[in-house]
Amino acid sequence: MAVSNNRVPLTLQIGSNSNSLNLVGHHLSCDWIPRNRRCRPNQRSLVVRSESRGQEERTKQQQQSPLTLEDVNPVGLGRRSRQMFDEVWRKFSELGQISRTRESETDDGLLLKDGPSCEFSVPGAPDTTVLVVGATSRVGRVLVRKLMIRGYKVKALVRKDDQTVIDMLPRSVGLVVGDVGEPSTLQAAVEGCNKIIYCATARSAITGDLNRVDYQGVANVSKAFQDYNNRLAQLRAGKSSKSKLLIAKFKSPECLEGWEARKGTYFQDVIATKYEGGMDAKFEFTEIGSAVFSGYVYSRGGYVELSKRLSLPLGRTLDRYDGLVFSLGGNGRSYVIILEAGPMADTSQSKLYFARINTKVGFCRVRNFVQEIVRVPFSAFRSVKPDDPPLDPFLVHTLTIRFEPRRQRQVEASNGASQDLRSFKLIIEYIKALPTGSETDFILISCTGYGIESTRREQVLRAKKAGEDSLRRSGLGYTIIRPGPLQEEPGGQRALIFDQGNRISQGISCADVADICVKALHDTTARNKSFDVSNPVCYEYVAEQGNELYELVAHLPDKANNYLAPALSVLEKNT
């Protein structure tokens, strides 16, 4: 059958008499599906678009009618654009006979292997399965469609698969019924997934709901994902590349063996003896089951330190890891982490590298107190002598934690009284090495707190922060996005501001947040970073004196370039 490019009235018959289609008095245009697309039996390969003459006249009259405020309302435009997209996607799904994947289906012929051939496709996306937690949320609904357009395989974790939920999502999304608050239901959800985007949030301000979804839910999903990666590694007779390496864990008095508490001074030996009586330090395992490094330094120029020669498992070296993670508590002092690197046979040739860390007032979570996770990437270590080469983690053989009174900041105690900066108390739960990697494994959508009622803001932020901390402890490569107040409007209309330090409070489009998530999946600059983002309408920030961090720069969300890499390259990691 020959089809002319010109639109003419005609009668068209397809298939047998029982399946004939007669179209008379319409203008038709026909498109053919390429032969390489796999179709089910009896599936028609011809797409027919029909429009009557009366409809054309009505369309012309609508185009000639004047515009009103309702026609340019961004909220209305966003809703209509999503409705149009949903309708187009529904027709596209029906065309390709893309059905919802079930566990009983094993016919690979029903899947489109090559993904979409369009300008939005991402290389390698057909081989990447993304689990979206909270797929029916405001951001999740847009995010799922953006992932599908780019060729990703998408799974959605939902609490129930009723008709309302099914109508919200494209038919080719694999639905998994589960609850983030129930770890036993998450194993099937993470099965076969390469990356996770968590955009679920509690629907009420009740403390129990906030902890279940925003805190415990993040911890449960991240742990289930780690367990799945460990099972895969065991099948390969190895260890997961996403697992942390345990350097020290203090759970009994025997774990203190090999650690040495020492004291010293920055002055020459002749002067050091004059001030030595004003220092003391000890490392002990207390009755409540905690390893405590404590003491005082009253001497001018003095310091105390806790040191140990590392003993790693056979075949393990620190060059395979990205940095160190400490689980700490105490009275809020700052410390210097010192790594000694050099040949094991001759330690006289070793070189010293240091990095400073700050702690908060509190104690480890194992005793139901505040716990702090401190990440220190190897790239943060600087050589003591300027002429020494950069740190090579492969040569590290000694770890030291040093306290010195200088550069300490005053921290207010729980009772409001000021503390003596020359005394310290550090509780150590464990020290581990973080796995290396180039891409993020887990994207978490948190919030800045702006736009939330003042009566419930503190509760929400406390649960959100606890969820962020649990993700950082997991060892997974993470990206934490804290958007401003979410707005229902089209994306890509205004510039984006990326920042750290809770300095921006403007809103942002849900579509822009979804686009940031998609771009962060394979962006190396997004790994292990937390940041705020907003769509400022007209916004100028003036930094307070002494609190200048860096200049706020606006980035245009253009699909023709990757705006995320330059925006995140100036932000700090492991924050």
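Visitor: Which strand does Ile 373 lie in?
Guide: Ile 373 is in strand β16, residues 372–377. Strands here are DSSP runs of E with at least two residues, helices are runs of H or I with at least four, and both are numbered from the N terminus. Before we go on: this is a predicted model, where local features need pLDDT of at least 70, side-chain atom pairs count only at pLDDT 80 or more, and totals for chains, interfaces and linings use all residues. Residues are numbered from 1 along each chain as its sequence is written, and side-chain values use heavy atoms, with hydrogens and water left out.

Visitor: Why is Ile 373 called buried?
Guide: Buried means under 20% relative accessible area, exposed means over 50%, and partly exposed is in between (1.4 Å probe, protein chains only). Ile 373 has 18% relative accessibility, so it counts as buried.

Visitor: What does Ile 373 touch?
Guide: Leaving aside residues up to four places away in sequence, Ile 373 touches Val 325, Phe 326, Ser 327, Tyr 430 and Arg 473. Contact means heavy atoms within 4.5 Å.

Visitor: What makes α6 roughly parallel to α8?
Guide: Helix α6 (residues 207–235) and helix α8 (residues 454–473) pack at about 10°, with their axes 8 Å apart. Angles under 35 degrees count as roughly parallel, over 145 as roughly antiparallel, 65 to 115 as roughly perpendicular and the rest as oblique, so α6 is roughly parallel to α8. The axes are lines fitted to C-alpha atoms, for helices over the stretch in contact, and angles run from 0 to 180 degrees between N-to-C directions.

Visitor: Which residues make that contact between α6 and α8?
Guide: Among them are Leu 210, Tyr 215 and Val 218 of α6, and Val 460, Ala 463 and Leu 471 of α8. By class, the contact has eight nonpolar, six polar and three charged residues. Ala, Val, Leu, Ile, Met, Phe, Trp, Tyr, Cys and Pro count as nonpolar, Asp, Glu, Lys and Arg as charged, and the others, Gly among them, as polar.

Visitor: What makes Arg 402 and Glu 305 a salt bridge?
Guide: The rule asks for a side-chain nitrogen of Lys or Arg within 4 Å of a carboxyl oxygen of Asp or Glu. In Arg 402 and Glu 305 the closest N and O atoms are 2.8 Å apart, and the pair qualifies. Arg 402 lies in strand β18 (residues 396–403) and Glu 305 in strand β11 (residues 302–309), so the bridge ties together parts 97 residues apart in sequence. Both Arg 402 and Glu 305 are buried.

Visitor: How many salt bridges does that rule give?
Guide: The count comes to 24. One of the pairs is Glu 488 with Arg 138, at 3.1 Å from N to O. Glu 488 sits in the loop between β22 (486–487) and β23 (496–499), Arg 138 in helix α3 (residues 138–149), and they are 350 residues apart. There is also a network of salt bridges linking Lys 465, Glu 468, Asp 469, Arg 472, Arg 482 and Asp 532.

Visitor: Why is Glu 488 called partly exposed?
Guide: Its relative accessible area is 22%, so Glu 488 counts as partly exposed. Arg 138 is also partly exposed, at 38%.

Visitor: Where is Arg 494?
Guide: Arg 494 is in the loop between β22 and β23. Its side chain makes a polar contact of 3.1 Å with that of Glu 489 and another of 3.5 Å with that of Gln 487. A polar contact is a pair of N or O atoms within 3.5 Å; within protein, one must be able to donate a hydrogen and the other to accept it, and residues adjacent in sequence count only if both atoms are side-chain atoms.

Visitor: How do you know that α9 is mostly covered?
Guide: In helix α9 (residues 510–520), 10 of the 11 residues are buried. They include Val 513, Ile 516 and Val 518.
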